[in-house]
Amino acid sequence: MTSDSDDALSWDGDEGVGAAEQASKAPAPKRSEPQAAPAEHPTSDPSLPDGWNAVGTGSDTVGHLETEEDRQPLSTAMLLILGVVGGIYLLYSVGWVVGGLRLKPLANFFVIDAMFLPWFVLAVAAPLLWFVASLVLTRGKAGWMRVGALLLGVVLLVPWPFVTMGAVGL
């Protein structure tokens, strides 16, 4: 008679079978109810992204996803351009803050603060929004298109209140 701990590690009918053969010839556990296969969505594709491996029953039928576009890293020149233009946009935001605050006393003669504040916030955020929009909308396009969109923003988003009145202003 075997102990309870030995019973937990073997199946009925395993006596006399070697350990290597036992692993390969082990019968499946008996179940009283047949287990239904999981219902698959008709459009589901059993594929995994690169770096993932399927294990277990049916893992040999699982494939790997094919990427639609092979993303190439940005070149050194493009990274430098992004850094320089990003710095210019940061300076533009600071210019809009300084110029807008210098313009506020004059603007109070014409509009109330509730009208001035939203446009002031949008003017300060415009360089950041342009930078992000240029990166997102030119993804996958030619590099000159991205550079062109960024340089167009450099021309269009000049902080005119700061340029015309400077830091000392009125």
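Gly-140 is exposed, because its relative accessible area is 72% and exposed means over 50%, with buried under 20% and partly exposed in between (1.4 Å probe, protein chains only). Gly-140 sits in the loop between H4 and H5; helices here are DSSP runs of H or I with at least four residues, strands are runs of E with at least two, and both are numbered from the N terminus. Although 68 residues separate Gly-140 from Gln-72 along the chain, their C-alpha atoms are 9.6 Å apart.

The model is a predicted one, in which local features need pLDDT of at least 70 and side-chain atom pairs count only at pLDDT 80 or more, while totals for chains, interfaces and linings use all residues. Residues are numbered from 1 along each chain as its sequence is written, and side-chain values use heavy atoms, with hydrogens and water left out.

With that in place, the overall picture can be drawn. The protein has six helices and two strands, and along the sequence these follow the pattern α-α-β-β-α-α-α-α. Of its 170 residues, 19% count as buried. The protein exposes about 13500 Å², with 65% of this area supplied by carbon and sulfur atoms; accessible areas come from the Shrake-Rupley method with a 1.4 Å probe, and for residues only the protein chains shown count as cover. Contacts (heavy atoms within 4.5 Å) also say something about how the chain is arranged. Among those between residues at least 6 apart in sequence, 56% join residues at least 24 apart.

Inside the protein, the largest nonpolar core has 11 residues: Met-78, Leu-82, Val-85, Tyr-89, Tyr-92, Phe-131, Val-147, Leu-150, Val-154, Leu-157 and Val-158. Helix H3 (76-107) and helix H5 (143-156) each give this core at least two residues, and H3 provides its largest share, five residues. Such a core is a set of buried Ala, Val, Leu, Ile, Met, Phe, Trp, Tyr and Cys residues joined through side-chain atoms within 4.5 Å. For Leu-82, a member of the core, the contacts beyond neighbours within four places in sequence are Leu-74, Phe-131, Leu-135, Arg-146 and Leu-150.

Arg-146, one of these partners of Leu-82, belongs to helix H5. Its relative accessible area is 12%, so Arg-146 is buried. Apart from neighbours within four places in sequence, Arg-146 touches Leu-74, Met-78, Leu-82, Ser-134, Leu-135, Thr-138 and Arg-139. Ser-134 in turn is part of helix H4 and is buried, because its relative accessible area is 6%. With neighbours within four places in sequence again left aside, Ser-134 is in contact with Arg-146, Ala-149 and Leu-150.

Aromatic rings come next. Rings of Phe, Tyr and Trp (its six-membered ring) pair if their centres lie within 6.5 Å; planes under 30 degrees apart count as stacked, over 60 as edge-to-face and the rest as tilted. By this rule there are three aromatic pairs. Tyr-89 and Tyr-92 make a tilted pair, at 6.4 Å centre to centre and 50° between the planes. Both tyrosines lie in helix H3, three residues apart, about one turn of the helix, and both Tyr-89 and Tyr-92 are buried. The rings of Phe-116 and Phe-120 are stacked, because their centres are 5.8 Å apart and their planes meet at 15°. Phe-116 and Phe-120 are four residues apart in helix H4, about one turn of the helix. Phe-116 is buried, with a relative accessible area of 13%, and Phe-120 counts as buried at 17%. Ring pairs also link Tyr-89, Tyr-92 and Phe-131 into a cluster.

Val-124 is partly exposed, because its relative accessible area is 21%. Leaving aside neighbours within four places in sequence, its contacts are Ser-93, Trp-96 and Val-97. Val-94 is 30 residues from Val-124 in sequence, and the C-alpha atoms of the two are 7.4 Å apart.

Leu-128 is also found in helix H4 (residues 113-137) and counts as exposed, because its relative accessibility is 53%. Together with Val-132, Val-136 and Leu-137, Leu-128 makes a nonpolar surface patch of about 390 Å². Patches are made of residues with over 30% relative accessible area and no salt bridge, like charges being joined within 9 Å and nonpolar side chains (Val, Leu, Ile, Met, Phe, Trp, Tyr) within 5 Å. A salt bridge is a side-chain nitrogen of Lys or Arg within 4 Å of a carboxyl oxygen of Asp or Glu.
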